[in-house]
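Trainee: I would like to learn how to read salt bridges in a protein model. Could you walk me through some?

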Amino acid sequence: MTLPSLHKHELLQREYGQSTFQLVQQLAAIEDRDERTRRAQQIVQLIFRLQPSLRDQPDSQQKVWNHVYEMADGELDVDAPFALISPASRTAPQRVVYPSKGPKLRAYGRSVELLIEQALRLEDATEREQATIVIGRTMKFLYRSHNKENAKDITILKHLKELSGGQLTLDPAQVDAQNLFEFATQPATGGGRPAPFIVPQPRQERTDRSDRSERRGGNNNNRRDKQRRGGGKKGRQEPQQPPQ
């Protein structure tokens, strides 16, 4: 048994349990083919009882039958409802190709380099300039997130020129004067802070709330009036009668 198949056996034992694995291993000792098929069907039904969630998976029956076939070392001669695939005949999954080198500047990552490559393909000068502004704005945001400090526009322009091989450039004075590398924010209030965001409410809900407020205010006013009237009665003194 090869190392991959041995590893597969260990995974199947953990998934279905040691007792189920032993029942599958005992199928080879049954000489009668019909009896062997009946026992294999019982094992498949047992697996679905032990793990009901398997029924919700696509092609669950074929999957379980193939797993039983693999636990039997690919030597299970039964009348299965599906064509059983030998583990040796399966093609190994392709290896994932990892990048051989990392980004030039780690703060920006490979995504910014791809954006720069796309901007360099633009032939129209205006479109290339707009793309350069968007890339510089993104680079400034990523630089702040990576270094936890404010990034100067001149630093972003320097990195942008380095990553593009000197092909994407902007006027530093124009970038600083127009704040081209800053994201649009909400207008500030008189105190210099951004205006708070107020969730708009439906007109009917606002009317209902105002009515409830008026009713509560009216009840409070009536209660105060009663307290005043009651306090007036208690505080008022009867005129004293002269002695006779």
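Mentor: Gladly! Let's begin with a term we will need: a residue is buried under 20% relative accessible area, exposed over 50%, and partly exposed in between. Keep in mind that this model is predicted.

Trainee: What is the general idea behind a salt bridge?

Mentor: Side chains of opposite charge can pair when their charged atoms come close. Here the count comes to 10 salt bridges.

Trainee: Which salt bridge does Arg144 form, and how far apart are the N and O atoms?

Mentor: The partner of Arg144 is Glu182, at 2.9 Å from N to O. This pair links distant parts of the chain, with Arg144 in helix α6 and Glu182 in the loop between α8 and α9, 38 residues apart. Arg144 has 32% relative accessibility, so it counts as partly exposed. Glu182 is also partly exposed, at 28%.

Trainee: How many residues apart are Glu35 and Arg39 in helix α3?

Mentor: They are four residues apart, which means about one helical turn separates them. Their side chains meet in a salt bridge at 3.1 Å, N to O. Glu35 is partly exposed at 22%, and Arg39 is partly exposed at 37%.

Trainee: Is Arg36 buried or exposed?

Mentor: Arg36 is buried, because its relative accessibility is 10%. Arg36 forms a salt bridge with Asp77, and their closest N and O atoms are 3.9 Å apart. Asp77 lies in the loop between α4 and α5 while Arg36 is in helix α3, so the pair ties together parts 41 residues apart in sequence. Asp77 itself is partly exposed, at 42%.

Key
Residues numbered from 1 in each chain as written. Predicted model: local features only at pLDDT ≥ 70, side-chain atom pairs only at ≥ 80, totals over all residues. Heavy atoms only, no water. Salt bridge = Lys/Arg side-chain N within 4 Å of Asp/Glu carboxyl O. Helix = DSSP H or I, 4+ residues; strand = E, 2+ residues; numbered from the N terminus. Buried < 20%, exposed > 50% of the residue type's maximum accessible area, 1.4 Å probe, protein only.
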